[in-house]
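This report describes the packing and the side-chain pairings of one protein. The sequence and the model are shown first.

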Amino acid sequence: MSRTLFIVLLVGVIVETARADVYELPPEGFDVIGAVSTITARHEDTLVDIARRHGLGYEDIVRANPDLNPWLPGEGAEVVLPTRFVLPPGPRDGVVLNLAEYRLYFFPTPRDGQRAYVMTYPISIGRMDWETPLGLTEIISKVVDPAWYPPKSVREEHAADGDPLPAVVPPGPQNPLGRFAMRLSMPGYLIHSTNRPAGVGMRVSHGCIRMFPEDIEFLFDRIDINTKVRIINEPLKFGWSGEELVMESHPLLEESDKDPLTSVTELFIAATGDR
């Protein structure tokens, strides 16, 4: 009986950590996870399909494959998977949302004697007229099958477009929150699933963070109430991979007030200060 239980638990650990988006956390002083790879497209594939299967969003896959048609890359096309990431600057705990790279990082607290892991997933962020705010917040509640209460501003926008919304959208396939939602202490903002997964990795929301349904379902029971959430906008990241200094670069968000030269200088100094 006990031997059978041990085998089941062991298999559970192997399955959990075998996900492509779960990485063993490197020690302090090392900052890079994952590796770039390529796959061969099937005739029915779109780049969006391939991105979702490999933990990437729309912008990730399109920028890595500028010569391919996103909707018809073609059977036999070699598709680059940009799954090498420099960890975001700052503390490695809780949730970090880097808007510039459309990506979430989760650093679960390891139990005594266990290895530390980092999990990373593509996200959608607020579009230009509904920017996702920056700052430090936390998870204050979690809901399965949430109802959506669209704010007045969103209802007015939909009404102006000839697409009026009800005061409450019940759970179900028409609910844009999907099946899982985690509310932030920033009033009105959520990390949630979506009924339009093709938009993950783009600027399409009213400020909330959207995730692929399977990604937030995996995280939902692993992220506790009161988990800290740090929202940053870092288009440039530097980090060490052994003796190699790696820079990861993303386009500036359109409303960003960052000076790219200042960002490069500050990050380079932070990355190389102890070398």
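Rings of Phe, Tyr and Trp (its six-membered ring) are taken to pair if their centres lie within 6.5 Å; planes under 30 degrees apart count as stacked, planes over 60 degrees apart as edge-to-face, and the rest as tilted. By this rule the structure holds three aromatic pairs. The structure is a predicted model, in which local features need a pLDDT of at least 70 and side-chain atom pairs count only at pLDDT 80 or more, while totals for chains, interfaces and linings use all residues. Residues are numbered from 1 along each chain as its sequence is written, and side-chain values use heavy atoms, with hydrogens and water left out.

**Aromatic pairs**

Tyr23 and Phe85 form an edge-to-face pair, with 6.4 Å from centre to centre and 75° between the planes. Tyr23 belongs to strand 1 (residues 22-24) and Phe85 to strand 5 (residues 84-86), so the pair ties together parts that are 62 residues apart in sequence. Helices (H or I, at least four residues) and strands (E, at least two) are DSSP runs, numbered from the N terminus. Tyr23 counts as buried at 15% relative accessibility, and Phe85 is buried with a relative accessible area of 4%. Here buried means under 20% relative accessible area, exposed means over 50%, and partly exposed lies in between (1.4 Å probe, protein chains only).

Phe180 and Phe220 make a tilted pair, 5.0 Å from centre to centre with 55° between the planes. Phe180 lies in strand 11 and Phe220 in helix 5, so this pair joins parts that are 40 residues apart in sequence. Both Phe180 and Phe220 are buried.

A charge is said to sit over a ring if NZ of Lys or CZ of Arg is within 6 Å of the ring centre and within 35 degrees of the ring normal. Arg222 likewise lies over the face of Phe218, at 3.9 Å from the ring centre.

**Overall architecture and cores**

The secondary structure of the protein comprises six helices and 17 strands. Of its 275 residues, 43% count as buried. Contacts (heavy atoms within 4.5 Å) in the protein with a separation of 6 or more are 68% between residues 24 or more positions apart. The protein exposes about 14,600 Å², of which carbon and sulfur atoms supply 57%; the accessible areas come from the Shrake-Rupley method with a 1.4 Å probe.

A nonpolar core is a set of buried Ala, Val, Leu, Ile, Met, Phe, Trp, Tyr and Cys residues joined through side-chain atoms within 4.5 Å. The largest such core has 27 residues, and those with the most contacts inside it are Leu97, Leu104, Tyr121, Ile191, Met211 and Leu219. Elements giving two or more residues to this core include strand 6 (94-98), strand 7 (103-107), strand 11 (180-184) and helix 5 (213-220). Helix 5 supplies the largest share, four residues. Leaving aside residues up to four places away in sequence, Met211 touches several residues, among them Leu104, Tyr121, Ile191, Val200, Ile216 and Leu219. A second, separate core of 19 residues includes Ile33, Val79, Leu87 and Val118.

**Salt bridges**

Side chains of opposite charge can pair when their charged atoms come close. A salt bridge is counted where a side-chain nitrogen of Lys or Arg is within 4 Å of a carboxyl oxygen of Asp or Glu.

| Salt bridge | N to O distance |
|---|---|
| Arg42 and Glu44 | 3.3 Å |
| Glu59 and Arg63 | 3.4 Å |
| Arg179 and Asp145 | 2.8 Å |

Arg179 sits in the loop between helix 4 (152-160) and strand 11, and Asp145 in the loop between strand 10 (135-144) and helix 4; the two are 34 residues apart, and the pair links distant parts of the chain. Arg179 is partly exposed at 43% relative accessible area, as is Asp145 at 35%.

Glu59 and Arg63, in contrast, both lie in helix 3 (residues 58-64), four residues apart, about one turn of the helix. Glu59 counts as partly exposed at 24% relative accessibility, and Arg63 as partly exposed at 32%.

Arg42 is partly exposed at 41% relative accessibility, and Glu44 is partly exposed at 44%. Arg42 and Glu44 are linked with Asp45 and Arg53 in a network of salt bridges.
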